[in-house]
Amino acid sequence: MIAQVGNLACQKDSYRKTLEATVVSIEKSADGSSLDVVLSDTVLFPTGGGQWNDLGSISGLKVTDVFRKGMDPVHRVVAPAADSSQALQVGQVVTAEVDWTRRFDVMQQHSGQHLLSAIAERDFGLDTVAWALGEDKSCIEVDLSQRKAPTEAELAALEEAVNSAIRKSLPFSVHVSDSVSDGGAPSKLPSDLAGGVIRHIRIGELDDNPCCGTHVSSTAELQCLKLLHTEKVRGKNMRLYFLFGNRVVSTLHACVTRDRAIGAQLCAGPDAFTEKIGLLQSSVKTLTKVNKMQLKELAEAAAKKMAAFVDNRGENMGIVVLAHHRDDADAEFLTILSKAASEKCPGAVFIFSIGATNEGGAGLVVGPAGKEVEAVWKQFSNVMGSCMKGGGKGGRYQAKTSSWLNLKKALETVGAVDVEM
């Protein structure tokens with residue numbers, strides 16, 4: 001006989017970590033890499049009610065998923081080698097073991113969500129319409145169609161109210177009925193669960209909600225709540241992100257570690273971070289302004305040098321192709337340089353490029369609209385090869401490249417004169 005979803009060992013006792021059970025059926029996947037195993041009972045929770053499935057093992061074999069097929073919990077197991085002593089057989093007694101660290105984290109967040117939603121609705125008129133369990137943080141989605149978004153003061157009061165309830169050590173208890181006829185079934189119950197066990201999770205006298213998940217025994221085991229931030233979704237709904245229990249502790253540890261690292265860089269404690277960062281931002285702003293002025297001066301100087309080269313070259317010498325490259329410049333430098341050079345040498349074709357040789361950067365081919373510029377661009381880009389991507393028209397072609405290793409060869413191919421500063 002198979003224990004049915006709603007009446008599994010993991011649901012009867014959320015704190016049970018192992019269980020001996022009998023293998024009822026085994027189905028091998030098409031590629032033979034996994035097995036779908038049904039046991040007579042299990043301590044591994046199948047996905048449901050917004051709660052993740054458990055992970056764990058069956059007699060040493062890794063369980064990668066647990067899901068519901070009708071009323072039966074199915075364990076997806078990594079298939080052992082054909083000659084392995086771990087091979088499973090129908091009728092075999094095995095030991096199922098849950099990944100307890102992961103399970104308890106899920107229990108804290110799920111039970112915490114019940115408590116948070118109950119107090120948010122009772123005291124603040126915030127009705128939960130959905131919730132999501134995340135890897136790092138979770139959230140409830142609340143309906144704001146009948147009220148304004150909560151203020152910072154209201155959120156602080158909500159957080160304190162939940163933490164107060166945690167300190168009261170209110171009991172979590174499970175109450176079951178054998179059918180949906182009792183009137184306490186969820187409004188949206190999968191059709192293949194009709195007639196099954198309906199579980200209600202109660203938090204003292206505070207809350208009573210249908211739920212199939214695993215829960216802590218007392219609010220005290222939630223340890224504490226920390227609300228994080230909100231975001232608007234679906235028109236008038238709002239997501240409220242939160243952490244319970246060990247996630248609060250681990251997040252605080254990460255913050256303290258980060259503060260120490262930042263403090264070492266700033267030579268200051270956390271209380272002075274804002275001031276120190278403000279001073280750094282001011283310095284960066286000043287340096288950026290100075291750097292832009294210097295780049296503009298360099299661009300003007302390069303343009304003058306190009307103009308001098310063209311003047312010395314004389315008239316009726318055909319189209320001249322001039323090039324200039326800087327490792328340390330940016331896109332704004334290209335814009336300034338191309339404008340200045342085009343004004344001083346209106347008949348020339350220019351190839352400008354920026355970025356370190358091995359890292360690449362941006363390139364620009366500009367000149368009078370016509371076939372000459374297009375021909376230079378085609379030759380130049382062909383030699384640069386697949387590392388360069390770009391295009392254009394009307395005398396202006398832009399590109400990005402992952403490397404300038406072929407730049408010298410490309411310039412030689414188009415007959416460009418490299419004007420260095």
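This is a predicted model: local features need pLDDT of at least 70, side-chain atom pairs count only at pLDDT 80 or more; totals for chains, interfaces and linings use all residues.
I'll start with the barrel. Six strands form a closed barrel in the order S1-S2-S5-S4-S3-S6, and the pairing is antiparallel. From one strand to the next, the twist averages 45°. Take one pair as an example. Strand S1 covers residues 18–28 and strand S2 covers residues 34–39, and five bridges hold them in the antiparallel sense. If you want a place to look, find Val-23, whose bridge partner in S2 is Leu-39.

Now the parallel case. Strands of a sheet pair through backbone hydrogen bonds, and the pairing can be parallel or antiparallel. Strand S14, residues 321–326, runs parallel to S15, and six bridges join the two. Arg-326 is bridged to Ile-354 in S15.

Stay with S15 for a moment. Is this strand buried or exposed? Six of the six residues in S15, residues 349–354, are buried, so the strand is largely enclosed by the rest of the structure. That holds for both faces: on one side sit Val-349, Ile-351 and Ser-353, on the other Phe-350, Phe-352 and Ile-354, and all are buried.

Next, the helices. There are two contacts to show.

Helix H2, residues 100–124, packs on helix H3, residues 152–167, at an angle of about 125°, and their axes are 10 Å apart. H2 and H3 are therefore oblique to each other. The crossing of H2 past H3 is right-handed. On the H2 side, the contact is made by Leu-115, Leu-116, Ile-119, Ala-120, Asp-123 and Phe-124. H3 contributes Glu-154, Ala-157, Leu-158, Ala-161, Val-162, Ala-165 and Ile-166. By class, the residues of this contact between H2 and H3 are eleven nonpolar, two charged and no polar.

The second contact is between helix H5, residues 273–313, and helix H6, residues 331–344. Here the angle is about 30° and the axes are 9 Å apart. An angle under 35 degrees counts as roughly parallel, and H5 and H6 are therefore roughly parallel to each other. H5 also passes H6 in a right-handed crossing. Among the H5 residues that take part are Leu-295, Leu-298, Ala-299, Ala-303 and Met-306, and they meet an H6 set including Phe-333, Ile-336, Leu-337 and Ala-340. Which classes make up the contact of H5 with H6? Twelve of its residues are nonpolar, six are charged and none is polar. The charged ones include Lys-292, Lys-296, Glu-300 and Lys-304 in H5, with Glu-332 and Lys-344 in H6.

That is the end of the tour.

Technical notes:
Residues are numbered from 1 along each chain as its sequence is written. Side-chain values use heavy atoms; hydrogens and water are left out. Axes are lines fitted to C-alpha atoms, for helices over the stretch in contact, and angles run from 0 to 180 degrees between N-to-C directions. Helices (H or I, at least four residues) and strands (E, at least two) are DSSP runs, numbered from the N terminus. Angles under 35 degrees count as roughly parallel, over 145 as roughly antiparallel, 65 to 115 as roughly perpendicular and the rest as oblique. A crossing is left-handed if the near helix is turned anticlockwise from the far one by less than a right angle, and right-handed if clockwise. Contact means heavy atoms within 4.5 Å. Buried means under 20% relative accessible area, exposed over 50%, partly exposed in between (1.4 Å probe, protein chains only). Two strands pair if DSSP finds at least two bridges between them.
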